[in-house]
Amino acid sequence: MTGGEDSRIVFWHDATEEEEEAERMEREHNILKEQELRNCLRNKEWAKAIRIALKLSYSRQLYKIFRHLYRHASSDEVLREALEDCSIEERARVVLWSREWNTHTDHVPVAHFVLSRLLREHALLDSENPVSSEIRQPLREAAQHIIRS
């Protein structure tokens with residue numbers, strides 16, 4: 001509690017403990033999700049691993065999963081299954097990350113593999129999809145780049 005010259009009394013509440021507890025809970029949640037991701041990779045549960053990597057925003061891990069799927073011919077169904085369960089925003093994030101992967105020569109085939117499946121299977125650029133405008137423009141640019149390639 002503090003008081004000032006303006007005759008006002010201000011009551012302060014220390015929220016440090018609550019904030020630290022929330023951060024601790026978030027860290028624990030992420031550790032559990034990371035362990036679940038490692039288990040999925042070990043058990044070759046690719047669709048579940050993709051969804052977890054997206055939830056954790058692990059771009060590099062997601063690329064590694066997509067690279068594995070790209071190298072194996074029977075992966076189209078796994079990729080389709082994994083992306084069907086994703087929200088439009090998560091699919092858009094995959095497109096944006098693929099755009100970044102596309103800038104590295106070694107990653108181009110995987111980026112094109114993912115982008116072509118996404119753009120073919122999921123109508124991300126349709127005007128009826130509720131993708132925000134800040135995501136829609138990079139999606140259009142990525143699609144045009146893939147179409148030109």
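Trainee: Which residues of the largest nonpolar core touch the most other members?
Mentor: Of its 29 residues, those are I50, L62, I65, F66 and L69; such a core is a set of buried Ala, Val, Leu, Ile, Met, Phe, Trp, Tyr and Cys residues joined through side-chain atoms within 4.5 Å, where buried means under 20% relative accessible area, exposed over 50%, and partly exposed in between (1.4 Å probe, protein chains only). Keep in mind that this is a predicted model, in which local features need pLDDT of at least 70 and side-chain atom pairs count only at pLDDT 80 or more, while totals for chains, interfaces and linings use all residues. Residues are numbered from 1 along each chain as its sequence is written, and side-chain values use heavy atoms, with hydrogens and water left out.

Trainee: What does I65 contact, leaving aside its neighbours within four places in sequence?
Mentor: With contact taken as heavy atoms within 4.5 Å, I65 meets L37, L41, W46, A49, I50 and A53.

Trainee: And which residues of α3 are buried?
Mentor: They are L62, Y63, I65, F66 and L69. Seen down the axis of α3, these buried residues fall within an arc of 165° (taken from the directions from the helix axis to the C-beta atoms), so they line one face of the helix. On the other side of α3, R60 and R71 are exposed.

Trainee: Changing topic, how many disulfides are there?
Mentor: A search of the whole structure finds zero, a disulfide being a pair of cysteine sulfur atoms within 2.5 Å.

Trainee: Is C40 buried or exposed?
Mentor: C40 counts as buried because its relative accessibility is 2%, and C86, at 5%, also counts as buried.

Terms used:
Helix = DSSP H or I, 4+ residues; strand = E, 2+ residues; numbered from the N terminus.
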